[in-house]
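User: I am new to this model. Please walk me through its terms and show what each one rests on.

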Amino acid sequence: MHITVKLFAQFRKGRFVEQQRECAPNSSVGSIVQELGIEEPEVGLIMVNNRHAELTSELQEGARLAIFPLVGGG
Amino acid sequence: MSGWLAGLLDFLQTGSEHNLLPWQCQLEAARQFDLTLPQVEGHALALGLMPARYARNQNTFTVYDQLRLFRSRVAVIGCGGLGGYVIEELARLGVGTIRAIDPDIFQEHNLNRQLLSSPAALGRAKVELAAERVAEINPAVTLVPVQELYMPGRAGQLLGSAQVVVDALDSIHTRLALANSCGALGIPLVHGAIAGWYGHLCTQFPGDNSIQHLYGNTPHRHGVEARLGNPAFTPAVVASLEAAEVCKILLGVGSALRGRWLVINLFDMTFDEIALPR
């Protein structure tokens, strides 16, 4: 199936800002994170179709996935 | 009106030029009438006189706005990268009482970005340097230094009288506790965080849960700042945005970043606004 992935902050380095991707039906967010070589503990907020999602959330055809790093410094 | 007060008001009025009160006159009034500089500032503003240091605030803020800022109380939690700049800007803005809370002392690795740090300050309490800096740049406002770790059990004493709280913390766990405390106490919280070239900002009003939404799943983790560090400019940018939020909330003007998450990327120079559930 077809999804759109948008990355933020340093997740873009060596990857992309936004990309159309093919993935297996019902792929989880976590599987995409793994495919992209992003370290799971560095993942902060995840949004699918502008709604809060989890690493375990399943993606549907046409999903728009946004992945933000966990930023906590002051 | 008591005799001395009438005398003071007359002294301030006579010493002012075009409704601007020169610093020398403010100093002299404090000496002659045995008042503190903040007391003189309060009387001057109530009389409609703008201390001359705020001359360039005019047209952005009225004398009444300036009085409102002077009578405001803001708590800044954390005096590191974000906190140092926030305190600097609030003091220059003329916020009357700033409570600075931080348990730490300055260390060498703070020097690349923390405004209050310097080689001479190494080993000294961050809140002590905050008090010294504010006394130097604007002696008419008061910085209350509190050298302790923010603990939710002490929220009432630490935050109780504040009208706005600024999150300048570097711990996600403490930040979530602070967000809960502010909600319970009914105080708006301006939240900012940074890592490397990146940062974000969001303002949470009582009853909102935006910060819990951002960090709720990750309370015991460290952010990517542990790996990326923080350069000089990122805290300055995010802290300035936080100070602007504080100013608007205190004055009840403009649009706060409520239910909106500003995601800042200084590497690509992009600012994304993401809608958040409140």
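Analyst: First, a term. Strands pair when DSSP finds at least two bridges between them. Helices (H or I, at least four residues) and strands (E, at least two) are DSSP runs, numbered from the N terminus.

The model is predicted: local features need pLDDT of at least 70, side-chain atom pairs count only at pLDDT 80 or more, and totals for chains, interfaces and linings use all residues. Residues are numbered from 1 along each chain as its sequence is written, while chains are lettered from A and ligands numbered from 1 in the order in which they are written.

User: What makes β9 (residues 260–265) and β10 of chain B a pair?

Analyst: Six bridges join β9(B) and β10(B), in the antiparallel sense. The definition asks for at least two, so the two strands pair. Within them, Trp261(B) is placed opposite Ile274(B) of β10(B).

User: Which sheet of chain B holds eight strands, and in what order?

Analyst: It is an open sheet with mixed pairing, ordered β5-β4-β3-β6-β7-β8-β9-β10 in chain B.

User: Why are β5 (142–146) and β10 (270–275) of chain B said to stand at the edges?

Analyst: Each has a single partner strand, so one side of β5(B) and of β10(B) has no neighbour in the sheet. On average, neighbouring strands here are turned by 15 degrees against each other, direction ignored.

User: Which helices lie on these strands?

Analyst: Helix α5 (residues 81–93) of chain B lies across β3 (73–77), β4 (97–101), β5, β6 (164–167) and β7 (189–195) of chain B. It runs at about 170 degrees to β4(B). Helix α11 (residues 233–251) of chain B packs on the sheet too, touching β3, β6, β7, β8 (198–204) and β9 of chain B. The direction of α11(B) makes about 175 degrees with that of β7(B).

User: How do you know whether α3(B) and α4(B) are parallel or antiparallel?

Analyst: The axes of α3 (residues 37–46) and α4 (residues 63–70) of chain B cross at roughly 150 degrees and come within 9 Å. Angles run from 0 to 180 degrees between N-to-C directions. The classes are roughly parallel (under 35 degrees), roughly antiparallel (over 145), roughly perpendicular (65 to 115) and oblique (the rest). Therefore α3(B) and α4(B) are roughly antiparallel.

User: Which residues make that contact?

Analyst: Glu41(B), Gly42(B), Leu45(B) and Ala46(B) come from α3(B), and Val63(B), Gln66(B), Leu67(B) and Phe70(B) from α4(B). Residues are in contact if their C-beta atoms, placed from the backbone, lie within 7 Å.

User: What is α2(B) relative to α3(B), and why?

Analyst: Their axes cross at roughly 115 degrees and come within 9 Å. That makes α2(B) and α3(B) roughly perpendicular. Gln26(B), Ala29(B) and Ala30(B) of α2(B) meet Leu37(B), Val40(B), Glu41(B) and Ala44(B) of α3(B).

User: What about chain A: which strands form its sheet?

Analyst: Five strands form an open, mixed sheet in the order β2-β1-β5-β3-β4 of chain A. At its edges are β2 (18–22) and β4 (51–53) of chain A, each pairing on one side only. From one strand to the next, the twist averages 30 degrees.

User: What makes β3(A) and β5(A) a pair?

Analyst: Four bridges join them, and they run antiparallel. Val43(A) has Pro69(A) of β5(A) opposite.

User: Why is Phe8(A) called buried?

Analyst: Buried means 20 or more other C-beta atoms within 10 Å, exposed means 12 or fewer, and partly exposed is in between. Phe8(A) has 22 such neighbours, so it counts as buried. Its loop lies between β1 (2–7) and β2 of chain A. Leaving aside neighbours within four places in sequence, Phe8(A) contacts Ala66(A), Ile67(A), Phe68(A), Pro69(A) and, in chain B, Val263(B).

User: Are Asn26(A) and Asp34(B) buried or exposed?

Analyst: Asn26(A) has 11 other C-beta atoms within 10 Å, so it is exposed. Asp34(B) has 8, so it is exposed as well. Asn26(A) sits in the loop between β2 and α1 (29–35) of chain A, and Asp34(B) in the loop between α2 (23–32) and α3 of chain B.

User: What is phi in these two residues?

Analyst: Phi is positive in Asn26(A), near 60 degrees, and in Asp34(B), about 55 degrees. Most residues other than glycine have a negative phi.

User: How many residues of each chain meet?

Analyst: 16 residues of chain A are in contact with 29 of chain B. On the chain A side, β3 (43–48) and β5 (64–69) are the elements giving two or more residues. That side of chain A has eight nonpolar, seven polar and one charged residue. Nonpolar covers Ala, Val, Leu, Ile, Met, Phe, Trp, Tyr, Cys and Pro; charged covers Asp, Glu, Lys and Arg; the others, Gly among them, are polar.

Conventions. Contact = placed C-beta atoms within 7 Å.
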